[in-house]
Protein chains: 2
Amino acid sequence: MTVTYAASSESTPQPRFRPTVIIHGGAGNIVRSRIPPELYERYRASLLKYLHSTVTLLNGEQEEGDGTKKKITPYSAIDAAVHAVSLLEDDELYNCGRGSVFTLTGTHEMEASVMVCSLLPETQGCEDVKRALIKRGAGVMMLKNVRHPVQLAREVLLRNDVEGHRGNGESMHSHLCGPYVESLAKEWGLESKPDEWFFTQKRWDEHMKGLGKGASIDHDTLPKPGEDISKYLSQGTVGCVCLDQWGNIAAATSTGGLTNKLPGRIGDTPTLGTGYWAEAWDVPSSSTRRALGLSCTGNGDSFVRVAAAHSAASLLKLGAKDSLADAITAIAGPGGELQRSAGPRWGVTGEGSGGIIGIEAEVPHDAEERQSEEPIKGKAVFDFNRGGMLRAWTEEDADGVLRERMMAFRDEYYS
Amino acid sequence: MTVTYAASSESTPQPRFRPTVIIHGGAGNIVRSRIPPELYERYRASLLKYLHSTVTLLNGEQEEGDGTKKKITPYSAIDAAVHAVSLLEDDELYNCGRGSVFTLTGTHEMEASVMVCSLLPETQGCEDVKRALIKRGAGVMMLKNVRHPVQLAREVLLRNDVEGHRGNGESMHSHLCGPYVESLAKEWGLESKPDEWFFTQKRWDEHMKGLGKGASIDHDTLPKPGEDISKYLSQGTVGCVCLDQWGNIAAATSTGGLTNKLPGRIGDTPTLGTGYWAEAWDVPSSSTRRALGLSCTGNGDSFVRVAAAHSAASLLKLGAKDSLADAITAIAGPGGELQRSAGPRWGVTGEGSGGIIGIEAEVPHDAEERQSEEPIKGKAVFDFNRGGMLRAWTEEDADGVLRERMMAFRDEYYS
């Protein structure tokens, strides 16, 4: 699928940044034989659809049912990332929102997060981003009945009491958990759904299967001969990272967690610095400012133990790696920190397995005076250490045309 | 107080590492006028007592009631750090365990954590540390009625299912939260206490005072003239970092959180990489291995937002700072990352305020063959960005004698 982004019309100034998007739908030991063509097509179609919809909104357009487009105020990075993840949360293919897995006791405990940074120290044109930057990031955990956990994370991020709005649930807390924040979700007008809405047969089968073999099911062990391989494809934490036209980068992530996890287990998805991160900084002895956003998926406990997202960000920020692609590979690529953290358990227990997506961009310090020039570009990158990672992203080809791509493995599915 | 550690007797080999301990009892905008001499003496006496007891156990001795000492198996870093924090949890002076603050709805939600690393890649003589290194760290959160949250964190760290011990609560989860892990605490034989045991008048007064002024009380704003200043001294997250004679470093931390926090708020204390960290690594292009352990205290939400502990560790690990002291100062010292993160809210809301303690040590790669030499030394360090930090630590003087010290401010209390 190819979409050409024309320069905006004479009435609106050229956006300073060219919107960029990357989405993931889970990583781990997924192999070709576990994704038959029909299933691959379902993943491909959904990821490309959500990617395209997100890019369109970032560009200030909205597609009607009949395919015509109308102009709207361009979405900020936060709203675009939350839009993408909300679509994934409603899609039973993924382990989040409606398609969430069950805990050991047969309940749902969903988790989500949003984090943001800005390439321009004084972000303009995005009130929500300005407000979000005060708190930087927020994670919500142990949620039942909230249709869109990622939207609750967005509210927790934006509602803060720095202006003295105490009461009404506003606070400077970044991590909120369980029944109380669920009640705030209702108070704030977010949509609630009964337990039945979150029931899917596939997740229930995984749950029962897991109970049969012990306290937890390991999605990364290979199925035995004759077993239904589709039952094993239950990775599926989702995430989206966006760069908007004002130079803000946001990362949004959502998950149902690990099948048959202990109730009360908190994974990496809602935990700042482990399953997500976004940060901008002035590069020392340079006249540039850099920024990145990251979203992780995989064996969450491993990501927690190595503070995966913050570890990758630190490699770039502290100059140990030159590019975000290299930093991500050092943590989540083959032989990287996550794999090493598993020690002799690598490949046996699923530990260490997963992937990271991200966007990085760089601006000269005088970017604010350069409005007439070409928009500044972001770069979507990713790596994973095992099998594959379901992902879709925007990428510029040799002619400067932005393409929307989707892949599951290192090579194309159809070769 | 001065204690001389004699070389061990002829029958036991010289320990490879000289035990080191540092303890904190909270940091923030505590000023001399808020700690009258009687109160200072209580803090001083308790911190020095707990420090001394911890050092004694690390050295393989136990003091009887009459002051005589008996030889015991030396404590590992984990057990020593958990011992120190357990004592602090029973002491109403500190905001943890029995002295925990109340949430907005008048309940207790305690948090704690333990993390460990080893200077020797193959740790010897400490089965608990070997087992802990598989999971590295663990945090527990939203706890009621558990007398010693830090002991529950220790159990979560040590109980893991890598050997196939599924069921019985064993898992590879590092973050466990709420009622289910409380039930595991009972199953595992940890001591439980009724709500009344955790009631203290001082914390209740703070709670009521906070309700009167809004949704949360800010411990870092200065009291108004005429107000009872002792009511404001409610910082008091506690922590301990130890280096044991086998070269293991452990960090243990415990807190009641923030007075009148929203129920379900998770702070930095139980969150890997924000309120605590421990890590060892081989220094690139060098023949040494370094290690550190960290425990934080202060405005927890700020520590979460900047992934404070992992940020400090990364500065040292990635070579941006040469010493742990410098790395801690860059994050938690005056003008550091935490202070900067508060922006214009610095000094107004309490945001960014706090401190970090830590231990670092370094060994040559051939340390295992050097048993006959002098024991390798650790160094206890700390910094804080505002007012003071209650802390006690072991430090070698010019004559090689280990001293046990306690301070609240940058200068001595009695000048």
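## Basis of the description

This is a predicted model, in which local features need pLDDT of at least 70 and side-chain atom pairs count only at pLDDT 80 or more, whereas totals for chains, interfaces and linings use all residues. Residues are numbered from 1 along each chain as its sequence is written, chains are lettered from A and ligands numbered from 1 in the order in which they are written, and side-chain values use heavy atoms, with hydrogens and water left out.

## Relation of the two chains

The same surface serves both of them, since 100% of the contact residues of chain B recur in chain A, where contact means heavy atoms within 4.5 Å.

## The interface

Chain B brings 54 residues to the contact and chain A brings 55 residues. About 4,200 Å² is buried between the chains, and carbon and sulfur atoms give 61% of this area; buried area here is the accessible area (1.4 Å probe) that two parts lose on being put together, summed over both.

The rule finds 2 salt bridges across the interface of chain B and chain A, a salt bridge being a side-chain nitrogen of Lys or Arg within 4 Å of a carboxyl oxygen of Asp or Glu. E337(B) forms a salt bridge with R136(A), with the closest N and O atoms 4.0 Å apart. R136(A) is placed in the loop between α3 (127–135) and β6 of chain A, and the phi of R136(A) is near 70 degrees, a positive value in a residue other than glycine.

## The sheet of 8 strands

In chain A, 8 strands form an open sheet with mixed pairing, in the order β7-β6-β5-β9-β8-β2-β15-β16. Helices (H or I, at least four residues) and strands (E, at least two) are DSSP runs, numbered from the N terminus, and two strands pair if DSSP finds at least two bridges between them. At the edges stand β7 (175–177) and β16 (402–407) of chain A, each with a single partner strand, so one side of each is left without a neighbour in the sheet. Neighbouring strands are turned by 10 degrees against each other on average, direction ignored; axes are lines fitted to C-alpha atoms, for helices over the stretch in contact, and angles run from 0 to 180 degrees between N-to-C directions.

Within this sheet, β8 (residues 238–243) and β9 (residues 248–255) of chain A run antiparallel and are joined by 6 bridges, with G239(A) standing opposite T253(A) in β9(A). Helix α1 (residues 37–58) of chain A packs on the sheet, touching β2 (20–28), β8, β15 (388–396) and β16 of chain A, and its direction makes about 150 degrees with that of β16(A). Helix α5 (residues 179–187) of chain A also packs on the sheet, where it touches β6 (137–143) and β7 of chain A, its direction making about 110 degrees with that of β6(A).

## The sheet of 4 strands

Another open sheet of chain A has 4 strands in the order β10-β11-β12-β14, with antiparallel pairing. Its edge strands are β10 (276–282) and β14 (379–384) of chain A, each of which pairs on one side only, and neighbouring strands are turned by 15 degrees against each other on average, direction ignored. β10(A) pairs with β11 (residues 288–298) of chain A in the antiparallel sense over 7 bridges, and R289(A) in β11(A) is the bridge partner of D282(A). Helix α9 (residues 324–332) of chain A packs on this sheet, touching β11, β12 (354–364) and β14 of chain A, and its direction makes about 155 degrees with that of β12(A).

## An enclosed helix

In helix α8 (residues 308–317) of chain A, 9 of the 10 residues are buried, so the helix is largely enclosed by the rest of the structure; buried means under 20% relative accessible area (1.4 Å probe, protein chains only). The cover of these buried residues includes β10, β11, α7 (300–305), α9 and β12 of chain A together with α8 (308–317) of chain B. G319(A), which follows α8(A), has a positive phi near 80 degrees.

Key. Buried < 20%, exposed > 50% of the residue type's maximum accessible area, 1.4 Å probe, protein only.
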